[in-house]
Amino acid sequence: MLYFAEGQTFDPYFNLAMEKWLCDHLEGQLILYLWQNEHTVVIGKNQNPLKECRLAALRQDGGLLARRCSGGGAVYHDLGNLNFTILMPSDQFDLHKQCSVLLQAVRQFGINAQFSGRNDLTVEGRKFSGNAFYHGPYGSFHHGTLLVDTDGEKVGRYLRVSQAKLKGNGVDSVRRRVINLKECAPDITIDKLKTALREAMQQVYGQPGTPWSWTAQQLTEIRQLANEYQSEAWLLPDKFQADLCLEKRFGWGEIQVQLQLQPQRITACRLYSDAMDEVAISTLQELLQDCPLIPEALHSRALKAAAEHPLIPECIAWISQEIEGQESTW
């Protein structure tokens with residue numbers, strides 16, 4: 001059965017907790033959840049906010065930092081942006097079908113939108129929507145932004161985007177990379193886009209939608225989860241003194257690796273990445289932890305996860321090569 005849920009607050013912690021709660025309590029439902037955050041930078045699960053965001057400027061201006069449970073990169077949310085989450089049982093996850101809902105909705109306004117790259121929706125070669133994905137034990141979701149009339153100056157002010165990433169997208173600043181839908185269709189509004197999304201959802205999935213409602217007990221559970229999303233333990237990285245820091249951009253995204261080393265062993269590590277596969281980064285960190293610094297050991301650990309997470313062998317091969325090249329420095 002198809003349900004429509006809509007956020008009742010602009011609080012990012014509550015809204016992110018809401019989509020996670022919905023995903024954890026799916027019982028075969030299909031849900032379109034529409035929501036907005038006010039003046040917030042949201043980073044991916046495995047990102048370092050100190051690298052991705054000008055945190056001091058954001059907080060000085062009264063903005064909030066939030067971290068989601070999915071992978072991908074940092075985004076800026078204000079009330080000119082509409083967030084969507086499409087939730088479904090994991091065996092019904094279909095990226096093409098979900099994207100067709102978004103594209104069909106936007107095209108109702110005469111905008112020739114396209115799916116581009118690993119997770120972007122674009123028009124005229126510029127991005128108006130970044131998408132990310134989460135696969136949990138009880139269900140999956142596909143969520144992202146839809147820039148209708150977002151403040152581009154603040155996007156550039158608060159987000160730090162690496163030059164390698166900008167160069168890969170053929171632009172020299174984050175503001176040049178994005179576009180508001182209002183630039184293409186001046187009559188579009190948040191409310192009109194919400195209606196278009198609901199209509200497209202019903203058409204693509206071939207069933208009528210029913211409004212979702214929450215009980216008082218459910219809202220209490222969501223507020224408790226929101227407190228966890230707001231905690232510094234979730235938002236900020238722990239202190240870590242690294243002996244070696246590595247950074248590289250792959251086709252699937254960027255990764256920063258911080259290692260504590262002793263002769264012939266990695267004693268501890270921290271990994272940060274905008275990879276869409278957020279589980280792969282956590283798995284890679286576990287594999288590197290307390291790993292002997294010999295090629296056979298690294299190769300053996302890479303093979304354990306290669307089938308499920310193809311990026312891991314590529315990363316381990318690169319890390320091994322970098323360590324060998326800098327061995328004399330530590």
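Is Asp238 buried, partly exposed or exposed? In this predicted model, Asp238 is partly exposed, with a relative accessible area of 43%.

The side chain of Asp238 meets that of Arg270 in a salt bridge, at 3.0 Å from N to O. Asp238 lies in the loop between helix H11 (232-235) and E12, while Arg270 belongs to strand E14 (residues 265-273), so the pair ties together parts that are 32 residues apart in sequence. Arg270 counts as partly exposed, at 21% relative accessibility. The cut-off matters here: buried means under 20% relative accessible area, so Arg270 at 21% is not classed as buried.

A search of the whole structure finds 10 salt bridges. One of them joins the side chains of Lys51 and Glu247, at 3.1 Å from N to O. Lys51 is in helix H2 (residues 49-52) and Glu247 in strand E12 (residues 244-250); the pair therefore ties together parts that are 196 residues apart in sequence. Both ends are partly exposed: Lys51 has a relative accessible area of 31%, and Glu247 stands at 47% relative accessibility.

Strand E14 also holds Arg265. The side chain of Arg265 meets that of Asp290 in a salt bridge, at 3.3 Å from N to O. This pair links distant parts of the chain, 25 residues apart, with Asp290 in the loop between H12 and E15. Arg265 is partly exposed at 30% relative accessibility, as is Asp290 at 42%. Elsewhere, salt bridges that share partners join Glu6, Lys194 and Arg198 into one network.

Asp290 brings us to the backbone. Most residues other than glycine have a negative phi. Asp290, however, has a positive phi, near 55°. Glu124 likewise has a positive phi, of about 55°, although it is not a glycine. Glu124 lies in the loop between strand E8 (120-123) and strand E9 (126-135), and at 66% relative accessibility it counts as exposed.

Finally, the helix pair. The axes of helix H1 (residues 12-24) and helix H10 (residues 216-230) come within 8 Å and cross at roughly 120°. That angle makes H1 oblique to H10, and the crossing is right-handed. The residues of this contact divide into 11 nonpolar, two polar and three charged. Among those meeting across it are Phe14, Leu16 and Trp21 in H1, and Leu219, Ile222 and Tyr229 in H10.

Methods: Residues are numbered from 1 along each chain as its sequence is written. This is a predicted model: local features need pLDDT of at least 70, side-chain atom pairs count only at pLDDT 80 or more; totals for chains, interfaces and linings use all residues. Side-chain values use heavy atoms; hydrogens and water are left out. Axes are lines fitted to C-alpha atoms, for helices over the stretch in contact, and angles run from 0 to 180 degrees between N-to-C directions. Helices (H or I, at least four residues) and strands (E, at least two) are DSSP runs, numbered from the N terminus. Angles under 35 degrees count as roughly parallel, over 145 as roughly antiparallel, 65 to 115 as roughly perpendicular and the rest as oblique. A crossing is left-handed if the near helix is turned anticlockwise from the far one by less than a right angle, and right-handed if clockwise. Contact means heavy atoms within 4.5 Å. Ala, Val, Leu, Ile, Met, Phe, Trp, Tyr, Cys and Pro count as nonpolar, Asp, Glu, Lys and Arg as charged, and the others, Gly among them, as polar. Buried means under 20% relative accessible area, exposed over 50%, partly exposed in between (1.4 Å probe, protein chains only). A salt bridge is a side-chain nitrogen of Lys or Arg within 4 Å of a carboxyl oxygen of Asp or Glu.
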